[in-house]
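Take a look at the charged side chains in this model. The text below goes through their pairings one by one.

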Amino acid sequence: MKPEFIDYLESIGIKSGILLDRIESIHRFYVEMCPDEIAGIFVTDYIDSDGKREYEDLWFFSGRYVMEAKGFAAGRDEFVIVPIKGRVAHFRIKKRDYDFKVATDKSRLHLIFRLDNKAIADLKASKENCDALRDTILKRIKPNMKG
């Protein structure tokens, strides 16, 4: 994996162990399946009622495709690859305690986007991961709005 992917994962608390090994394995799978170079990564997360961070889905992005490993943290093996280039029909952003500039421990960000083929994606972020989701929106989602 790219060093910036490792840096990102470490920044949200995934530093080693089974979860990192699983992400590396899924990344290798998508490198084989996707015809483009993988250029971005995002992990959906939320804070549970006990204040613990929970990870849900793993996302990779290339110039033309979005890839999701649904429920990867729970051990699910469900993988999706969908063309995204120029196909984002709609997106909705919900934010709480986040100014779209600098995240705090209270920050939450939620993105739902729909492609022109009716496929829907749901990405959530908490704490510092809100900055990564903001960057994903600006670099991967907004530029692919259907014109």
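Arginine 53 forms a salt bridge with aspartate 45 in this predicted model. Their closest N and O atoms are 2.6 Å apart. Where do the two partners stand, buried or exposed? Arginine 53 has a relative accessible area of 16%. The cut-off for buried is under 20%, so arginine 53 is buried. Aspartate 45 is buried too, at 1%. The pair also belongs to a network of salt bridges, which links Asp45, Arg53 and Glu128. Side chains of opposite charge can pair when their charged atoms come close.

Next, turn to glutamate 68. Its side chain meets that of lysine 70 in a salt bridge, with 3.5 Å from N to O. Glutamate 68 has a relative accessibility of 8%, so it counts as buried. Lysine 70 counts as partly exposed, at 26%.

Now consider lysine 146 and aspartate 116. Their side chains form a salt bridge with an N to O distance of 3.1 Å. Lysine 146 lies in the segment after helix 3 (129-141). Aspartate 116 sits in the loop between strand 6 (108-115) and strand 7 (120-126). The pair therefore ties together parts that are 30 residues apart in sequence. How accessible are these two residues? Lysine 146 has 48% relative accessibility and counts as partly exposed. Aspartate 116 is partly exposed as well, at 29%.

These pairs are part of a longer list. A search of the whole structure finds 13 salt bridges.

Key: Residues are numbered from 1 along each chain as its sequence is written. This is a predicted model: local features need pLDDT of at least 70, side-chain atom pairs count only at pLDDT 80 or more; totals for chains, interfaces and linings use all residues. Side-chain values use heavy atoms; hydrogens and water are left out. A salt bridge is a side-chain nitrogen of Lys or Arg within 4 Å of a carboxyl oxygen of Asp or Glu. Buried means under 20% relative accessible area, exposed over 50%, partly exposed in between (1.4 Å probe, protein chains only). Helices (H or I, at least four residues) and strands (E, at least two) are DSSP runs, numbered from the N terminus.
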